[in-house]
Amino acid sequence: MSPGGHAVTTVVASAATAYLSGSLPLATAVALGGFFIDVDHAVDYVFFNRQRDLRPASFLRYYLETRVERVVLALHSWELFALLAAIAWWTGWPLVWGYLGGAAMHLLLDITFNGEMLPKNVVAFYSFSYRAAHGFNGAALLGHRQRVVPMKFWSAFFKGSSSGD
């Protein structure tokens, strides 16, 4: 799903959480899971892909054009979800459940909308172990498909990319 799609769905989910629960901290936890989970893309961009152009348009285009060399994405992993679910279950902390709810929404939307972009099993892609088994290699995990990315930032932010094949 496009970053803009994640932003819109997260705002809706967080607002619904705040309205239904009356808890701003819980709504914030949902927002962290729903949108700010993508901070791991920035970590990968700078630390694992050694990109230094920190302009938002360059960052967005790098991902949408699938030029990614290393795909670590530590926060996008079933293993982390299982660990956090165990912690939430053990402690009963509602904020961890809120984060997991937002993050689960995020991953389910990614699976639904990004599946066409991945050459192999999209569900397995969200396993840290699966990505590690592939050496976090962007070409092996993402394939070599040409992507068409809108030229204007906000169009790219809300529409994402489309197949160039």
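Val-12 counts as exposed because its relative accessibility is 55%, where exposed means over 50% with a 1.4 Å probe and protein chains only. This is a predicted model, in which local features need pLDDT of at least 70 and side-chain atom pairs count only at pLDDT 80 or more, while totals for chains, interfaces and linings use all residues. Residues are numbered from 1 along each chain as its sequence is written, and side-chain values use heavy atoms, without hydrogens and water.

Val-12 lies in helix α1; helices are DSSP runs of H or I, at least four residues, numbered from the N terminus. On the surface, Val-12 forms a nonpolar patch with Val-8, Trp-154 and Phe-158, and together they have about 440 Å² of accessible area. Two or more residues of that patch come from each of α1 and α10.

Of its 36 lining residues, Met-1, Pro-3, Asp-38, His-41 and Tyr-63 are the closest to the centre. Which helix gives the largest share of the lining? That is α4, with five residues. By type, the lining divides into 22 nonpolar, nine polar and five charged residues.

Last, the cavity. There is one of 30 Å³ or more, and the largest cavity has a volume of about 40 Å³. Among the residues lining the largest cavity are Leu-118, Lys-120, Phe-125 and Tyr-130. That lining divides into six nonpolar, one polar and one charged.

Definitions and conventions. On a 1 Å grid over the protein atoms alone, a cavity is a set of points where a 1.4 Å probe fits but cannot get out, and a pocket is an open set with protein on both sides within 12 Å along at least five of seven lines; lining residues have an atom within 4 Å of a point. Ala, Val, Leu, Ile, Met, Phe, Trp, Tyr, Cys and Pro count as nonpolar, Asp, Glu, Lys and Arg as charged, and the others, Gly among them, as polar. Patches are made of residues with over 30% relative accessible area and no salt bridge: like charges are joined within 9 Å, nonpolar side chains (Val, Leu, Ile, Met, Phe, Trp, Tyr) within 5 Å. Accessible areas come from the Shrake-Rupley method with a 1.4 Å probe; for residues, only the protein chains shown count as cover. A salt bridge is a side-chain nitrogen of Lys or Arg within 4 Å of a carboxyl oxygen of Asp or Glu. Buried means under 20% relative accessible area, exposed over 50%, partly exposed in between (1.4 Å probe, protein chains only). Grid points are joined across faces, edges and corners, and a volume is the space filled by probe spheres set on the points.
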